[in-house]
Amino acid sequence: KTFLMALRLAQYAYIKEHAGFPPLLLLDDIFDKLDDNRVGSLLAEVLKPGYGQIFITHTNLYMLEWLLENIKSEYRVIKLKEGALYES
């Protein structure tokens with residue numbers, strides 16, 4: 001799974017270089033696929049300045065917020081409940 005994430009980041013870098021601007025990056029439920037150390041390293045990398053907009057999906061909001069707060073990055077949480085979106 002780590003290799004697949006590396007491929008995803010390589011695709012992102014390729015598109016960014018050839019398009020001239022950063023594309024959206026979607027990380028869909030990465031916590032299910034990687035251990036905590038790898039998730040932390042991945043988030044630390046993609047949350048560096050210049051990566052652009054990133055969407056992260058996860059079913060455990062508390063774990064995601066804990067990781068993001070430890071990285072000290074700006075983020076917004078948008079929740080989906082019963083078909084409606086709202087920001088917390």
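In which sense do strand β3 and strand β4 pair, and over how many bridges? They run antiparallel, with β3 (residues 78-81) and β4 (residues 84-87) joined over four bridges; strands are DSSP runs of E of at least two residues, helices are runs of H or I of at least four, both numbered from the N terminus, and two strands pair if DSSP finds at least two bridges between them. This is a predicted model, where local features need pLDDT of at least 70 and side-chain atom pairs count only at pLDDT 80 or more, while totals for chains, interfaces and linings use all residues. Residues are numbered from 1 along each chain as its sequence is written, and side-chain values use heavy atoms, leaving out hydrogens and water.

Let's stay with the hairpin for a moment. Two residues sit between β3 and β4, and E82 in that turn has a positive phi of about 50 degrees. Across the pair, K79 stands opposite Y86 in β4.

Now turn to α2 (36-46). Its buried residues (under 20% relative accessible area, 1.4 Å probe, protein chains only) are V39, G40, L42, L43 and V46. They lie on the same side of α2 because they cover an arc of only 165 degrees around the axis, taken from the directions from the helix axis to the C-beta atoms. Their cover includes α1 (2-19), β1 (25-28), β2 and α3 (61-71).

Beyond its neighbours within four places in sequence, L47 is in contact (heavy atoms within 4.5 Å) with I54, L68, I71 and S73.

Terms used: Buried < 20%, exposed > 50% of the residue type's maximum accessible area, 1.4 Å probe, protein only.
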